[in-house]
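This report describes a protein model for a reader who is new to structures. Please look at the sequence and the 3D view before reading on.

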Amino acid sequence: MSILVNKDTKVIVQGFTGKEGTFHAEQCMAYGTKIVGGVTPGKGGQEHLGQPVFNTVEEAVRATGATVSMIFVPPAFVSDAVMEAADAGIELAVIITEGAPVKDMMYAKAYAVKKNMMTIGPNCPGIITADECKIGIMPGFIFKKGNIGLISKSGTLTYESANQVVKEGFGITTAVGIGGDPIIGLSYKQLLPMFEADPETKAIVMIGEIGGDLEIQAAEFIKKHITKPVVAFIAGQTAPAGKRMGHAGAIISGGSGTAAEKMAALEAAGVKVVVSPADIGKAIAEVMGK
Amino acid sequence: MNIHEYQAKELFKKYNVPTPRGHVAFTPDEAVKAAQELGGNIWVVKAQIHAGGRGLGGGVKLARSTSEVRELASQILGMTLVTHQTGPEGKLVQKVYIEEGADIKKEYYLGMVLDRASEMPIMMASTEGGMEIEEVARKSPEKIIKVAIDPLIGFQGFHGRKLAFGLGLSVEEINNFIKFASALYKVYMDHDAEMIEINPLIKTGDGKFLALDAKMGFDNNALYRQSQVNEMRDLSEEEPTEIEAGKYGLSYIKLDGDVGCMVNGAGLAMGTMDTINYEGGKPANFLDVGGGANAETVAKGFEIILKDPNVKAIFVNIFGGIVRCDRVANGILEATKLTKVDVPVIVRLDGTNAEEAADILNNAGIANIIAATDLADGARKAVAAAKGE
C-alpha cells in the first residue's frame, strides 16, 4: 500500500517534449512509472519517448485514461496548465515548475479546488511511492521500500531524510515533496490522514521550514487525529528574520513563522522533534522501537 | 523586491489613491526647488531608504521655510540612517522626498498582504496609525480589522464597509474610505505586489483620506511581467554580494558566523546552518547552489563566501541525486583551481556515487580539502576547523 499513487497510476506529462520534461519523464519511466502520454500544444499526433503527444489535456485524458499529470511548463504558463488539467478531469496535478507568480497560483489553486483536483507543489520534487511510481525529479534509488511516510517542503532534505531512514534499516512507503512556495497544494494537514489510513505506513517524517503556519496547523491536527508516531525537523532555526531563505515562502515576517514556534507546537502535539537534521534517521529508529 | 516611498506614491497616483503632493530630490538645491514648486509654507523632508522607522531615526523632519528645507536636506542627504529595520550598520541616504504638509485630523493604518491561510490577499486596517502593526497585533489584536478579498470577486463594497465601520468612521467619511481602499486593491493586484503598507493613512480636516507614507514589496517571480516596477529597482538598497550571487543563479545571504556553507537546495542549506549551530559553531552564510552543482557554480560560490573575511572554514554539503557525486567532486577540484581557497574545505558528498567521490577527493592530495562521511560528521569537522582545532 501507499498513498495517492502506485504502480497502476496512469500519468501524462504537460510540457512533455521540453528539455526538462523529456529528461525527467524518461527517468520516471525507467523507475517504472506508467507514463501514458504527454501534452505539448502544436505537437499533437507526434510520438515522444514511445508515447503519444496530444495538443490538449482533454484529448490526452480521453485517449489514455490518465488521472495524474506531471507539469513541467515554464513559470509564466504554469497556472494555465494547472487549470487546463483541472478542467480536463485530472485528479492530481504534480507541479514541478519553480518560479510561478504567487497571483497565478492563487487563481489556479482556487480553480483546482473547485474542480476537485488535488495539486502538489509548485516548486517541489514531486511524489514517489517506493519501487512503484515516481512522479517528479527525485533520485529514485534512495527511496527503498519500507514503512515510513515522508512529507517535506524541501527537495534535498527529502533525499537527506529518506537516505537516513534507509541507512537505519527502514524504508519509505510514499514520499511527498509539497514545496516551499507561499501557496501550495496538498499540505501536511491533508497528507497526514492519508498516511494514518495507510496500513503499510508505521511512522511519518515531517520536514518543515520557517514561514507561514502550515506546521502549526499540522501540529493541531496531529494532536487530535494522528496515532502513528511522527518525527519532525523544522529548517531555519538559524535564519535571520525578514530574509527570504531560497524558497519564496521561507521568510519570518513580523516575528511569526519562526522555527522555534513551530517546533514548540509540534512537541506539544507529541511529535518527536529533532534539532539537527542529522538525527532524523536515529529518531525514526527510536520511535519504531529499534 | 521593495521600492521607495516616492515610487510607491507614483504608482498610487496613477490609480487615484490620494497622497500629498511631493517631489524626490538628490541634492539640497533640488530639495529647495521642489519646495518652491509645491508652494505653501510647510514641508516634510523625508529620507528615502528601504526600511521603516525612519521618523524615529531622525530621517523625517518638518520644515517651515525653504531655507530650513535646504538645511534639513543637507543634514539628511548623506547621513547613515539607523532604524530598527536597518540593522546597526544603518543605511546611507541618497535621496529625500519633499512633500507638502498635510492637515492631519486622525492617523490610521492600512495594509495589504497575501494571507497564506486563506490563500487570498487580505486588507488590514487599524485605528492605531503610526504604530508598528506587529506591535498592535501583539498588544491589542482586536484593534486590527482584517478582510480577505477573494480575487474571483475582487474588492466589493462590503469589504470596504466592514473596514470602515470597524474603524468607527462616520457615514460621510465611509464613501471616501471605500473609494480609497478599492483603488488600493487594484494597485496591489495589477502590480503583483506581495505587501502594501500605509502607515499612517490620515484623515484630513475635511474627511478625506491620504496616504502619508507608502511601502510596497513585490513578488520576485512576477517581475518578468512588471516592467514599470522593475525600473524602480534600486540596487544600492540591496546587498552587493546577494546581487552578484543572483547573477549566477546562486541564492546567498550573509550571516555573522565563521563557517561558510555551500549546499544544494534551500531546505538542506537551512538545515546545514542549523546543524553547524547544533554542533557548536556559527554559520557565516546561507548559500544554495541550485540543482546542478558544477565547477563554475561551485567556484563562484567559493568566491562569494570568501569575500566575507570572517570565514574560517567552508562546509560543502551536497546531496547528489540526479547529479552524480563523482562529477561534483571533480567540479570542486576544478573550482579550487579557478578560485584560490586558503581555508579548510570540508566536503560531504552523499547520494549517487558517493564513494567514488570520496576517493577522488582523498586521492587529489589537496591538504585543505577534508572529506566527511555524513551531515553530522561534516558539520563537526567544519566547526572544529573554524576554531582552528
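## The model

This is a predicted model, in which local features need pLDDT of at least 70 and side-chain atom pairs count only at pLDDT 80 or more, while totals for chains, interfaces and linings use all residues. Residues are numbered from 1 along each chain as its sequence is written, chains are lettered from A and ligands numbered from 1 in the order in which they are written, and side-chain values use heavy atoms, with hydrogens and water left out.

## Chain B as a whole

Chain B has 13 helices and 19 strands. Helices (H or I, at least four residues) and strands (E, at least two) are DSSP runs, numbered from the N terminus. The C-alpha trace of chain B spans about 80 × 50 × 40 Å along its principal axes.

Of the 389 residues in chain B, 53% count as buried. Buried means under 20% relative accessible area, exposed over 50%, and partly exposed in between, with a 1.4 Å probe and protein chains only. Contact means heavy atoms within 4.5 Å. Among contacts in chain B between residues at least 6 apart in sequence, 69% join residues at least 24 apart.

## Salt bridges in chain B

A salt bridge is a side-chain nitrogen of Lys or Arg within 4 Å of a carboxyl oxygen of Asp or Glu. The whole structure has 39 salt bridges over all chains. One of them joins E99(B) and K9(B), at 2.5 Å from N to O. E99(B) is in strand β7 and K9(B) in helix α1 of chain B, 90 residues apart. Both residues are buried. E99(B) and K9(B) also belong to a network of salt bridges with E5(B), K46(B), R54(B) and D213(B).

A salt bridge at 3.2 Å links E237(B) and K91(B), which are 146 residues apart. E237(B) is buried, at 10% relative accessible area, whereas K91(B) is partly exposed, at 21%. E135(B) and K139(B) form a salt bridge at 2.7 Å. These two are four residues apart in helix α4 of chain B, so about one helical turn separates them.

## Where chain B meets chain A

How many residues does each chain give to the contact? Chain B gives 45 and chain A gives 57. The area buried between the two chains is about 3900 Å², and carbon and sulfur atoms give 61% of it. Buried area is the accessible area (1.4 Å probe) that two parts lose on being put together, summed over both.

Six salt bridges cross this interface. One of the salt bridges in the model joins E119(B) and K109(A), at 2.8 Å from N to O. The elements of chain B that give two or more residues to the side touching chain A include β9, α6 and α13. The largest share of that side, 10 residues, comes from α9(B).

## One helix of chain A

Helix α6 of chain A covers residues 188-197, and its buried residues are Y188(A), L191(A), L192(A) and F195(A). Seen down the axis of α6(A), these residues fall within an arc of 110°, so they line one face of the helix. The arc is that of the directions from the helix axis to the C-beta atoms. An α-helix has 3.6 residues a turn, so residues three or four places apart point the same way. Among the elements of chain A that cover the buried residues of α6(A) are β10, β11, β12 and α7.
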